[in-house]
Amino acid sequence: MKITSFHPSIVTKNAEETIALFEALGFERRHTKTGINDHVTSVIMKYTGEDGKEFRVSISEAPVPQDITSIHMNIRDFDEAYQLLEERGFKNAQGDKITDTGSSKATMMVSPSGFPINISEHIRKED
């Protein structure tokens with residue numbers, strides 16, 4: 001399985017507060033996607049340190065009862081990642097639904113102990 005990026009992800013009902021916190025820490029908004037499943041907005045933020053190292057965090061606004069911290073993992077083959085996690089007992093948090101925005105396929109997979117991993121495949125033009 002090819003992982004193209006791996007970083008923390010925060011799902012919250014008040015993303016602007018969380019985004020403002022990370023902006024105060026020096027992160028910048030790099031990518032915003034709205035209308036995911038008709039009600040989710042996701043912002044990827046990036047910080048570049050003085051040594052040139054880059055750090056990212058995803059912040060998504062969704063109607064959740066409490067904040068959720070997970071891992072956001074971009075992969076090249078969604079079906080392969082989904083199957084690998086499923087074989088290890090992970091369940092799709094959306095039941096059988098996969099979010100397909102036309103430019104990406106994604107879902108949150110939850111381990112038997114409750115740990116969530118968001119998997120996302122960006123559909124590339126050369127595919």
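Predicted model: local features only at pLDDT ≥ 70, side-chain atom pairs only at ≥ 80, totals over all residues.
Residues are numbered from 1 along each chain as its sequence is written, and side-chain values use heavy atoms, with hydrogens and water left out. Local features need pLDDT of at least 70 and side-chain atom pairs count only at pLDDT 80 or more, while totals for chains, interfaces and linings use all residues.

Start with the rings. The whole structure holds four aromatic pairs (Phe, Tyr and Trp rings, the last by its six-membered ring, with centres within 6.5 Å; stacked if the planes are under 30 degrees apart, edge-to-face if over 60, tilted for the rest). Select Phe-22 and Phe-27: this pair is edge-to-face, at 5.2 Å centre to centre and 85° between the planes. Phe-22 is buried at 15% relative accessible area, and Phe-27 is buried at 13% (buried is under 20%, exposed over 50%, partly exposed in between, with a 1.4 Å probe and protein chains only).

Phe-27 sits in the loop between helix 1 (15–24) and strand 2 (28–36), and Tyr-47 in strand 3 (residues 40–48), so the pair ties together parts 20 residues apart in sequence (helices, H or I of at least four residues, and strands, E of at least two, are DSSP runs numbered from the N terminus). Tyr-47 is partly exposed, at 27%.

Last, select Ser-60 in strand 4 (residues 54–61). Ser-60 is buried, at 10% relative accessibility. Its side chain makes a polar contact of 3.2 Å with that of Ser-42 (N or O atoms within 3.5 Å; within protein, one must be able to donate a hydrogen and the other to accept it, and residues adjacent in sequence count only if both atoms are side-chain atoms).
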